[in-house]
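Please keep the model at hand while reading.

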Amino acid sequence: MTTSVDADLIRVLGDPLRLRIVTLLAHETLCTTHLMEDTGARQTNLSNHLRVLREAGFVETEPCGRFTYYRLKPEVMERLAGQFGALARTARLTAEANVRRSCP
């Protein structure tokens, strides 16, 4: 049995600013102005990272007047958590059964 983790989603979270944005959005829905204040990132840089997060399915948008609010989609994080959980269970079973490949 092979257990895998979605490498594309991990790559998206591999950027420190994107991980910071996801962490902030886990606590509240924020607009770009709030994210600029909380991260210190420039609007253009932040918009590019938000686009990547949106395209990867991590966040969704909600227009509100002239602002756009961003909200974290928990199901994507739950899917990743499930994949890591399955990987951890596999590692535990492997360690308990002392599974190892013999050297040639």
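Predicted model: local features only at pLDDT ≥ 70, side-chain atom pairs only at ≥ 80, totals over all residues.

Residues are numbered from 1 along each chain as its sequence is written, and side-chain values use heavy atoms, with hydrogens and water left out.

**Helix α2**

Helices here are DSSP runs of H or I with at least four residues, numbered from the N terminus. Helix α2 comprises the 12 residues 16–27. The expected span of a helix is 1.5 Å times one less than its number of residues.

Relative accessible area sorts residues into buried (under 20%), exposed (over 50%) and partly exposed (in between), using a 1.4 Å probe and protein chains only. The buried residues of α2 are Leu 17, Arg 18, Ile 21, Val 22, Leu 24 and Leu 25. Viewed down the axis of α2, the buried residues fall within an arc of 165°, so they line one face of the helix. The arc is taken from the directions that run from the helix axis to the C-beta atoms. Pro 16, Ala 26 and His 27 are exposed, on the face of α2 turned away from its buried side.

At the start of α2, a side-chain oxygen of Asp 15 comes to within 2.9 Å of the backbone nitrogen of Leu 17.

What does Arg 18 contact through its side chain? Its partner in a polar contact is the side chain of His 49, at 3.1 Å. A polar contact is a pair of N or O atoms within 3.5 Å; within protein, one must be able to donate a hydrogen and the other to accept it, and residues adjacent in sequence count only if both atoms are side-chain atoms. Arg 18 is buried yet has no salt bridge, and the nearest side chain of opposite charge, that of Asp 15, is 4.5 Å away. For charge, Lys and Arg count as positive and Asp and Glu as negative, while His and the chain ends are not counted.

**Helix α4**

His 49, the contact partner of Arg 18, is one of the buried residues of α4, together with Leu 46, Leu 50 and Leu 53. With 13 residues, α4 should span 18 Å at 1.5 Å a residue, and its end C-alpha atoms are 18 Å apart, which agrees.

**Salt bridges**

A salt bridge is a side-chain nitrogen of Lys or Arg within 4 Å of a carboxyl oxygen of Asp or Glu. The whole structure has five salt bridges.

| Asp 6 | Arg 79 | 4.0 Å |

The side chains of Asp 6 and Arg 79 meet in a salt bridge. This pair links distant parts of the chain, since Asp 6 is in the segment before α1 (7–13) and Arg 79 is in helix α5 (residues 74–96), 73 residues apart. Asp 6 is partly exposed at 27% relative accessible area, and Arg 79 is partly exposed at 42%.

Asp 8 and Arg 11 both lie in helix α1, three residues apart, about one turn of the helix. Arg 11 is exposed at 55%. In helix α4 (residues 43–55), Glu 55 and Arg 51 are four residues apart, which means a separation of about one helical turn. Glu 55 is exposed at 61%, whereas Arg 51 is partly exposed at 34%.

Glu 60, Glu 62 and Arg 71 are linked in a network of salt bridges.

**Cysteines**

How many disulfides does the structure hold? There are zero disulfides, a disulfide being a pair of cysteine sulfur atoms within 2.5 Å. Cys 31 is in no disulfide, and the nearest cysteine sulfur, that of Cys 64, is 8.9 Å away. Cys 31 is buried at 5% relative accessibility, whereas Cys 103 is exposed at 73%.

**Single residues**

Gln 83 sits in helix α5 and is buried at 19% relative accessibility. The C-alpha atoms of Gln 83 and Asp 6 are 7.8 Å apart, although the residues are 77 apart along the chain. Asn 98, in the segment after α5, has a phi near 55°, a positive value in a residue other than glycine.

How values were computed. Helix = DSSP H or I, 4+ residues; strand = E, 2+ residues; numbered from the N terminus.
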